[in-house]
Amino acid sequence: MSSNYSGSFFASIAIFLLLSTHIYVKEVHAAGECGKTPISNAALSLSACLGAVQNVRAKVSPACCSRVSVLLRNSPKCLCAVFLSPLVKQAGINPAIAITIPKRCNIRNRPAGKKCGKYTLP
């Protein structure tokens, strides 16, 4: 196993474990950016994107593109909230790479030029 591959593999496992453990944390069920869905659950639904958030040149899986497309269609503010959440930052995900996923998936109706915190969606 190459050191780059093993580093990515272990980073992916760490991110998955971090995201999955937050499911058990009691969440406030007020309507927020993701409606009544806790951001941790929305983030976990994007677990297929773990490889794509580590490297801007990594191929984005069809499963990731599908989930991002659905989230963008149903709640574009939720996707931004997930990418900029403390949970995602704790997992070591770079928001500047994460917000490139809609463009890398060739999602046609992505919010072009829209701000996501201090980052601009591509």
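## Basis of the description

The model is predicted, so local features need pLDDT of at least 70 and side-chain atom pairs count only at pLDDT 80 or more, while totals for chains, interfaces and linings use all residues. Residues are numbered from 1 along each chain as its sequence is written, and side-chain values use heavy atoms, with hydrogens and water left out.

## Helix 3 against helix 4

Helix 3 covers residues 62–74 and helix 4 covers residues 76–83; helices are DSSP runs of H or I with at least four residues, strands are runs of E with at least two, and both are numbered from the N terminus. The two helices pack at an angle of about 120°, with their axes 5 Å apart. Axes here are lines fitted to C-alpha atoms, for helices over the stretch in contact, and angles run from 0 to 180 degrees between N-to-C directions. Helix 3 and helix 4 are therefore oblique to each other, the term for angles that are not under 35 degrees (roughly parallel), over 145 (roughly antiparallel) or 65 to 115 (roughly perpendicular).

From helix 3, V68, L71, L72 and N74 meet P76, C78 and L79 of helix 4, where contact means heavy atoms within 4.5 Å. The residues of this contact divide into six nonpolar, one polar and no charged. Nonpolar covers Ala, Val, Leu, Ile, Met, Phe, Trp, Tyr, Cys and Pro; charged covers Asp, Glu, Lys and Arg; the others, Gly among them, are polar.

## The disulfide at helix 4

The structure holds three disulfides, each a pair of cysteine sulfur atoms within 2.5 Å. C78, part of the helix contact, forms one of them with C34, their sulfur atoms 1.9 Å apart. The torsion about this S-S bond is about 95°, so the disulfide is right-handed. C34 lies in the loop between helix 1 (3–21) and helix 2 (39–45) and C78 in helix 4, so the pair ties together parts that are 44 residues apart in sequence.

C34 has a relative accessible area of 11% and C78 one of 2%. Both are buried, meaning under 20% relative accessible area, with exposed over 50% and partly exposed in between (1.4 Å probe, protein chains only).

C49 is joined to C64, S to S 1.9 Å. A torsion of about 100° makes this disulfide right-handed. C49 lies in the loop between helix 2 and helix 3, and C64 in helix 3. C49 is buried at 4% relative accessibility, and C64 is buried at 0%.

C65 and C105 form a disulfide with sulfur atoms 2.1 Å apart. Its torsion is about -85°, so the disulfide is left-handed. C65 and C105 are buried.
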